[in-house]
Amino acid sequence: MNRPLIDEDFENSKVRIKLVDPTGRAIGKLKYQVKQGKKTILQGETDQDGRIKEFLSRIGAPLSINVERFTTKDMKCIREVTPWTEIFSVILVSGKVKEKMPLEPNEGNSGSYRRKTYIVRAGDTLGAIARCNGTTAKEIAALNNMEVETIIHPGQILKLPVLEQAGTASKTAPSPAKTKPQSQPESRHPPISSTPPTPPKEEKPVPIQKSPNPEENKNPTAADTQTTQSRGENGSPKTTASLTCPGACIKVGDKGPLVEEINIRLTGFGGTASDSIPLNIFTNKTKAAVMQFQTDYMGTVATGKVCGLTLAAIDALRIQFPIDIATMKCRCNHCSGFGHEFTDSSEAKIFSNKEKTKYIEGTEYPGIHRALLWALRAAIFYLESTSKCPGYKFLKISSGYRCWHDNALHARTTTNHMGNALDIQFNKKETTTRCAEHDIETIRSKIFIKYLGAQLGWTESNKLSLESAKDGATSWVHVDVRQYEQQYKASRYYATTQSSADGDSMLDIAQRENRLALLCCSGIDAIKRPFASTQAASESGIEKRLDISTLSVSQKGIYFIKAWEQCKLQAYNDSRGYCTIGWGRVIDFQKCETLNTRENSRKYNLEITQIEAEKLFLEDIEKTQTIIKSKIQVPLFQHEYDALASLIFNIGSFKKCPILLSKLNTKDYNGCCDEFADITNNSTPGLIARRNGEMKLFRNNFYNTTH
């Protein structure tokens with residue numbers, strides 16, 4: 001049932017802003033101004049955690065965030081933001097880096113550098129000065145960037161060449177404390193003496209000082225600088241820097257959506273699933289897969305840690321080896337390509353006994369498991385790496401998804417291909433004939449078992465499994481995830497569209513998680529780099545999300561919403577006790593018995609026709625779309641839009657799900673989808689089922705109307 005639709009969910013937004021530098025560390029004591037148009041609504045200094053003072057702003061009103069320049073002290077706009085939720089929290093990246101550097105007094109190395117100077121007097125010439133100092137006029141001129149013929153003036157300071165190399169002492173030079181100066185010929189120009197060098201002091205590196213606030217040190221700099229001080233050839237101090245890894249890379253023990261994607265996408269590099277450990281945790285198996293990927297695909301030193309370059313390489317793997325999920329659709333002409341999520345064979349009338357009284361259990365999963373898709377990419381990579389298994393190439397998918405109705409058409413009872421298996425054909429590079437027998441056995445053993453970590457048969461859990469030739473796989477490689485634990489078969493791991501099969505750019509996901517130091521450690525500009533999913537999708541031919549203004553609820557979306565509602569032409573009390581009519585239109589927040597009185601009989605229409613019900617339904621759909629388009633600021637796929645329309649039609653506004661809206665407007669589409677599960681009105685069974693259906697529609701493009 002839907003409640004009255006409210007366009008204005010909440011008037012004001014509580015705005016919380018934190019400023020960080022490109023390495024992800026907070027910028028404290030930075031002067032700022034927050035403007036709404038030309039009006040300054042807030043100004044001050046950030047606290048030690050880089051936070052701007054919390055303030056209220058009207059929802060939908062654009063704000064410009066300005067900060068003080070370090071040099072000129074004027075203000076510069078670094079970002080414009082628009083609050084869209086009741087509590088709007090955002091982390092902004094500024095190009096500024098404030099670092100406290102302890103300065104140690106350094107008097108230099110008294111013995112590593114010497115120079116001689118001479119103040120010109122009246123009547124001096126370059127030749128006379130040169131003769132008195134054991135050099136030539138040409139040498140003095142060259143040292144002072146002048147010509148020999150240049151006129152010199154009294155009071156002018158000239159550099160004179162030092163006979164000994166700077167930083168060394170003559171082996172025969174006597175100590176001035178023990179010997180008298182050598183006699184010089186009479187001259188108006190007394191010689192300029194220099195002090196012999198003393199042994200240099202050993203100088204310690206000056207480390208970068210870390211902030212005492214542990215929050216600022218969560219994301220360390222892309223590379224800490226260790227310095228040693230010495231002097232250059234011209235005597236000026238110099239600093240040499242050596243870059244050391246700061247530990248920003250993802251490693252064993254880390255967790256989150258980015259780690260989950262790493263585990264999915266590196267399945268084909270030895271396997272990543274570990275017994276009873278969620279895929280969003282970086283395990284030792286993940287480390288081993290990362291090392292194999294770094295060695296075999298990237299050709300770099302295997303560290304087992306994931307930095308920005310490794311993420312970029314995973315994105316490159318996706319583009320270099322495209323997989324067309326459309327070739328894996330079911331061919332039954334009964335389902336949409338990926339089943340109906342039936343849990344047994346009853347709908348297809350397939351029985352397990354002669355009496356036809358028992359059905360066969362088996363779930364139609366909502367798409368193809370993404371681990372299979374990425375494993376196939378890895379297999380193609382290894383096939384094209386001639387040193388691994390020369391002479392073969394990928395031909396086609398001979399069998400992908402097979403639903404219960406397809407089984408009925410072909411008199412099958414197997415359930416592997418209901419989203420968890422692929423049959424893959426290969427051929428030799430010089431022919432178009434598909435490989436069979438010995439060639440298939442070679443590919444199975446030298447690629448899938450050796451490099452992908454697959455097993456022959458189904459003995460071990462959480463590994464890719466292969467059918468043997470004895471099982472009938474003589475001219476194809478059958479690979480499946482049948483032995484995966486049920487936690488690895490959640491609906492979010494299945495794909496029905498090309499976009500969900502490929503997933504977002506790994507760099508986009510890292511940026512959404514504010515792993516700025518991770519991006520910086522590979523030289524990626526985390527400030528100037530836009531989210532690249534749309535561009536990458538365009539370049540690779542993948543369908544793109546569309547601007548929200550171009551979308552409207554599809555006909556399939558209308559059917560989907562109606563399937564979860566009821567059309568009643570007489571008023572009734574819904575589950576909350578509100579008087580309702582038609583397709584869930586709430587008449588008033590009272591019971592029908594209260595409204596059905598003599599004084600209210602003219603005010604409320606408690607009985608309508610089917611035509612009137614359809615008219616009210618379309619009005620509510622329009623109000624739903626108005627709310628969606630006023631709050632959402634990112635592009636969507638049609639099925640994502642339809643899922644949101646079903647949600648808002650049901651709950652009336654985004655007021656009950658500000659976190660969902662916040663994640664969606666920061667392009668965290670997976671995180672947004674997960675939030676559907678929390679909008680169930682204290683776990684009402686009917687709403688739990690509806691939210692699950694909306695989640696599968698949002699994530700998997702699966703319009704399931706059976707419940």
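This is a predicted model: local features need pLDDT of at least 70, side-chain atom pairs count only at pLDDT 80 or more; totals for chains, interfaces and linings use all residues.
You'll find alanine 371 in helix α6, which covers residues 370–384. Leaving aside residues up to four places away in sequence, alanine 371 touches Ile264, Thr267 and Tyr484. Here is another pair to look at: alanine 371 and tyrosine 488 are 117 residues apart along the chain, yet their C-alpha atoms are separated by 9.7 Å.

Next stop, threonine 272. Where is threonine 272 placed? It sits in the loop between α3 (257–265) and α4 (284–298). Threonine 272 is buried too, with 6% relative accessibility. A polar atom of its side chain lies 2.6 Å from the backbone oxygen of asparagine 263. Asn263 is also among the residues that threonine 272 touches, along with Leu266, Thr267, Thr283, Lys285, Thr286 and Ala289, again not counting residues up to four places away in sequence.

Now for proline 83, in the loop between β6 (75–81) and β7 (87–93). At 0% relative accessibility, proline 83 counts as buried. Its contacts beyond four places in sequence include Ser13, Val15, Ser57 and Phe88. Take the serine: proline 83 and serine 57 are 26 residues apart in sequence, and 7.6 Å apart in space from C-alpha to C-alpha.

Let's check a helix together. Helix α5 has 13 residues, 308–320, and at 1.5 Å a residue it should span 18 Å. Its end C-alpha atoms are 18 Å apart, so the two agree. Among the buried residues of α5 are Leu311, Ile314, Asp315 and Arg318.

Last topic: cysteines. How many disulfides does a search of the whole structure find? One. It is formed by cysteine 579 and cysteine 592, with their sulfur atoms 2.3 Å apart. The link is right-handed, with 100° about the S-S bond. Cysteine 579 is in strand β20 and cysteine 592 in helix α14, 13 residues apart. Cysteine 579 is buried at 0%, and cysteine 592 is buried at 9%. Cysteine 673 is buried as well, but cysteine 673 is in no disulfide; the nearest cysteine sulfur, that of cysteine 672, is 6.8 Å away.

How values were computed
Residues are numbered from 1 along each chain as its sequence is written. Side-chain values use heavy atoms; hydrogens and water are left out. Helices (H or I, at least four residues) and strands (E, at least two) are DSSP runs, numbered from the N terminus. Buried means under 20% relative accessible area, exposed over 50%, partly exposed in between (1.4 Å probe, protein chains only). A polar contact is a pair of N or O atoms within 3.5 Å; within protein, one must be able to donate a hydrogen and the other to accept it, and residues adjacent in sequence count only if both atoms are side-chain atoms. Contact means heavy atoms within 4.5 Å. The expected span of a helix is 1.5 Å times one less than its number of residues. A disulfide is a pair of cysteine sulfur atoms within 2.5 Å.
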